[in-house]
Structure formats: C-alpha cells, structure tokens
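Work through these exercises with the structure open. Try each task before reading its solution.

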Amino acid sequence: MAAHAWKLAGGIIGNGLIELQAPVERAVLVAAPHAGESETLVDEHLEELRLLADTAGAQVVATLVQRLEAPHARLYIGSGKADQLRALAEHERATLVVFDEDLSPAQGSALEKRLGVRVMDRTELILDIFALRARTAESRLQVELAQLQYLRTRLKRMWTHLSRTQGGIGTRGPGETQLETDRRIIDRRITRLRRQLKQISRGRETRRKARQNEVRVALVGYTNAGKSSILRALAGGDVFVENRLFATLDSATRAVELAGGYRVLLTDTVGFIRKLPHHLVASFRATLEEIADADLLVHVIDVSSPSWEHQVEAVDAVLHELGASERPVLLAFHKLDQLTHAEEEALRRRSAELHGDHVLTSVVEPGGLDALREALRHRCAANRPTVEVSVPITDGRMLAEAYREAEVLSRAETDSRVVLTVRVPVEVLGRWRRIQGVTVDGISES
Ligand SMILES: Nc1nc2c(ncn2[C@@H]2O[C@H](COP(=O)(O)OP(=O)(O)OP(=O)(O)O)[C@@H](O)[C@H]2O)c(=O)[nH]1
Ligand SMILES: [Mg+2]
C-alpha cells in the first residue's frame with residue numbers, strides 16, 4: 001500500500017542477491033450503503049473499490065456489505081456487524097480493511113481497535129494510490145500537499161473529539177499544545193509546498209502563452225476510460241497506458257496533425273473518479289488549468305463499463321468543481337470494440353438523440369479514431385476558417401498583419417491588389433472585415 005509499507009520479504013537467493021518481493025496486503029472490503037441504494041449500484045461501487053485496492057497493490061480476499069439507514073456514530077457499521085467483520089478478517093488472514101465510505105478519525109481508530117487490523121477509507125486509499133503513482137516533481141508535491149491538507153482536517157476533528165469527551169483539567173493543556181505544534185509544522189510545510197508549486201506553474205504559464213495561437217484540446221474522463229490510449233494513437237510517442245486506475249497523474253501535451261494541414265495540441269489529463277477527494281482536486285488545480293483553458297474538451301467515456309452513465313455524472317461534477325463546465329465538449333463513446341453488434345446499435349440510436357456533439361471511438365478497431373480526427377478537423381476549420389482576402393497593394397500595414405496573424409496558403413497579385421488565401425482565427429477575421437478597402441471572401445471547405 002503506501003510506499004513505506006513495502007518491505008523486504010523473501011530472502012537471500014542462490015547467487016547472493018536479495019530477492020525483493022512486495023508483500024501483498026490481504027484486504028477485506030466493506031460497503032455500507034444506504035438501505036435504499038439499488039443492488040446494481042452497490043455492486044458497481046464494490047467493483048470500483050476492488051479495482052482501487054488492486055491498483056494500490058492489495059489482494060481482495062473478502063467483501064462485506066451492510067445496508068444502513070444511517071451510519072453508527074462509533075463504528076460506522078453496527079456492533080454485531082463489526083464482530084462479524086473481525087471474524088471474517090481473522091479467517092481470511094486479512095491485513096487490511098477498506099471502507100467505501102468516509103470514516104471520521106474516531107471511527108477509524110475505534111474500528112482498528114475492534115478489528116485488530118489496519119483500517120482505511122476510500123479517500124485514504126485514493127490518496128495512497130496517487131502517492132504511489134506520482135512520478136514527476138510536480139505531481140509529488142501536489143500529492144503531498146493534498147495529504148497534508150487531509151491530515152490537517154483530521155487533526156482538527158480529532159481535537160474536537162478529544163476536547164468534547166475528555167477535556168478535563170490536565171488533558172486539555174498538553175493536548176492542545178501538541179496539536180498546535182503539529183498543526184504549525186504542517187502549515188509551514190503546506191506554505192512551502194504551495195510556493196514550490198507556484199514556481200513550477202509559472203513555467204507552465206509561459207509555455208502555455210506560447211501556444212496561444214494553436215487550437216488546444218484536452219482529453220478528460222473517468223479514470224481508465226482510455227484517454228492516454230487515444231493520445232498515443234493520435235500522436236504516437238511514449239504515453240503511459242495501463243489497465244489500472246490513475247495511470248496518468250501528469251498532463252502531457254502532444255501535437256496532432258490532421259487532414260488539410262490542420263493541427264491541434266492535445267493534452268492528456270489525470271482521470272477523475274466518483275467522490276474524488278476534494279483536496280486532490282484542489283492540489284491538482286494547476287495541472288488541470290489546461291482543462292479550464294482548452295478550446296475544446298473531449299470527454300472520453302468507456303462504454304464497456306456497465307456504469308458509464310454514472311461515470312459521466314462524476315466527471316461532470318469534477319469539471320464543475322474546476323470551473324470548466326462551460327467549455328465546449330465533444331463526447332467520445334470509447335472502447336466501441338467491446339460492444340456486441342446489438343449494443344452498438346442501441347448506443348448509436350441513443351447517441352443520435354443526444355444534444356451534444358459526439359463520436360464513437362476505439363483504438364483497437366482499424367479506423368476507430370477516424371470520426372474523432374474528423375470532428376477535431378471540423379473544430380479547427382470552424383476556429384480558423386480559410387478565406388481569400390484582397391488587400392490594396394499599397395496597404396503595407398494590413399499585409400504585414402495578414403502575415404503575422406494568419407497562415408498564408410497562397411498569394412496572387414494584380415496591379416493594384418494582393419489576394420491572399422489564408423487560414424485565420426475567427427476573431428482576427430472579424431476585425432479585418434471592418435477595415436476599409438479590404439475584402440474578405442469565404443472559401444467553403446468540406
Ligand atoms: N478494448 C479497448 N481497450 C482500450 C481502448 N482504449 C484503451 N483501452 C484500454 O483501457 C485501459 C486504460 O487505458 P488508458 O489509456 O491508460 O486510460 P486512461 O483514461 O488514460 O486512464 P488513467 O490515466 O488511469 O485515468 C488500458 O488497458 C487500455 O489498453 C479501446 O478502444 N478498446
Ligand atoms: Mg492515462
């Protein structure tokens with residue numbers, strides 16, 4: 001699980017080398033859904049928790065479900081159920097129990113005491129995976145920031161709890177002092193991390209400014225939907241793809257060449273998940289600025305997942321949190337190859353009823369990304385129409401501007417005029433139309 005928990009196991013093998021073996025944690029998963037929750041939803045959530053546990057390096061040995069009207073204050077689940085869980089964990093020789101629900105610090109420690117094994121909740125598990133996955137300096141700093149912020153809220157809640165139950169003479173002073181010290185240490189570290197992250201993001205800002213004239217497209221979507229696979233298929237190169245959750249933590253941008261000489265800058269981003277811890281969203285905000293800034297978001301949806309519709313909702317919620325819900329979106333119904341013919345037909349019928357722009361995609365089928373390429377090219381053509389602009393030969397200023405602001409595809413001259421065929425951003429075109437003596441003719445492109 002957490003990097004520090006990976007210890008040396010195994011032993012000295014024949015040639016004197018030490019055989020390194022990560023000890024596999026044996027995990028029991030616990031879901032405590034509301035009594036009214038549908039059976040399929042409970043199954044989907046458990047399956048996702050199983051994937052999360054697997055990504056973190058744990059082997060799931062058992063699962064336990066208890067439906068609740070409301071969580072119990074002390075152990076979250078009922079006392080009898082807790083005893084049953086303890087027996088199950090012992091029987092399965094479990095080293096870890098993972099709850100799908102958020103536990104308060106008090107519930108966490110009460111459960112650990114009762115069960116005799118380590119207890120984690122969903123947020124901690126996701127934070128742990130991010131810590132495991134973080135590779136670049138920036139993502140490491142971002143994850144550490146999220147962890148510390150999470151820890152800080154725990155300290156506070158722990159203290160509230162302590163002061164309420166045992167805040168008598170003698171316990172209050174030292175407890176508070178200790179808490180204040182811890183908090184001050186954490187705060188200092190948080191400030192330092194923020195400063196370092198700001199420096200890194202300044203560099204990114206400069207790079208982004210240099211791309212102002214390009215059409216920028218960001219791939220967004222649920223974790224494991226296939227975003228990196230699409231980037232790799234369109235742009236080639238070394239893009240990391242894995243059938244596990246949160247394979248990508250760092251945004252990567254690549255140029256994608258399209259028919260007609262168009263190109264877009266395509267950015268791959270960290271995947272989202274249901275109940276993505278708020279601190280992670282906040283910490284990754286800088287990386288995710290690419291999203292709020294993009295000309296177009298391609299929302300990749302894994303239609304082979306039975307819960308893709310819920311996943312779409314979860315992604316929309318995070319986009320909203322990032323202030324990106326107003327960006328133009330193209331839906332990519334992805335992994336089409338996984339559907340049966342009948343399922344594909346049903347999806348095509350359904351998607352035809354949808355209002356938004358959408359394409360059906362697959363990186364496995366030959367030509368499976370043609371529709372996406374075409375949609376991107378369309379977007380480019382709309383953003384940068386090709387026009388014929390006729391300028392008086394004496395208007396040096398306008399001619400200079402045309403060469404500066406537009407991509408000149410061809411040039412012809414008469415005695416008095418220069419006629420340029422250019423590809424030009426729509427905003428610039430609007431300005432040109434108002435200049436006296438200049439005429440602009442659209443060229444229709446298929
Ligand atoms: N069958 C099928 N599998 C696909 C397709 N696209 C991607 N995959 C698989 O889906 C898994 C996840 O792909 P990634 O590209 O890593 O997904 P991602 O959205 O970048 O995931 P995160 O970075 O974890 O958020 C991998 O096992 C891919 O091989 C597809 O079109 N068809
Ligand atoms: Mg990825």
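**Exercise 1.** Which residue in β8 is the bridge partner of valine 217?

*Solution.* Keep in mind that this is a predicted model. Start with the strand pair: β5 (residues 215-221) and β8 (residues 296-302) run parallel and are joined by five bridges. Now take valine 217: its partner in β8 is leucine 296. Next, look for the helix on the sheet. Helix α10 (residues 308-321) packs there and touches β5 and β8. The direction of α10 makes about 150 degrees with that of β8.

**Exercise 2.** Work out the strand order of the open sheet, then find which strands stand at the edges.

*Solution.* Six strands form the sheet, in the order β6-β7-β5-β8-β9-β10. The pairing is mixed. β6 (252-257) and β10 (357-360) each have a single partner strand, so one side of each lacks a neighbour in the sheet. From one strand to the next, the twist averages 25 degrees.

**Exercise 3.** Describe how α1 and α4 pack.

*Solution.* Take the axes of α1 (residues 39-55) and α4 (residues 122-133): they come within 9 Å and cross at roughly 40 degrees. The crossing is left-handed. α1 contributes Leu49, Leu52, Ala53 and Thr55 to the contact, and α4 contributes Arg122, Leu125, Ile126 and Ile129. By class, the contact has six nonpolar residues, one polar and one charged.

**Exercise 4.** Which helix gives the most to the shell around ligand 1?

*Solution.* The ligand is surrounded by 23 residues. Gly226, Ser228, Asn243, Thr248 and Gly271 are the closest. Helix α7 (residues 227-235) gives the most, with three residues. Sort the shell by class: 12 polar, seven nonpolar and four charged.

Note on methods:
Residues numbered from 1 in each chain as written. Chains lettered and ligands numbered in written order. Predicted model: local features only at pLDDT ≥ 70, side-chain atom pairs only at ≥ 80, totals over all residues. Axes fitted to C-alpha atoms, helices over the stretch in contact; angles between N-to-C directions. Helix = DSSP H or I, 4+ residues; strand = E, 2+ residues; numbered from the N terminus. Left-handed = near helix turned anticlockwise from the far one by under 90°. Contact = placed C-beta atoms within 7 Å. Nonpolar A, V, L, I, M, F, W, Y, C, P; charged D, E, K, R; others polar. Near = placed C-beta within 6 Å. Pairing = 2+ DSSP bridges.
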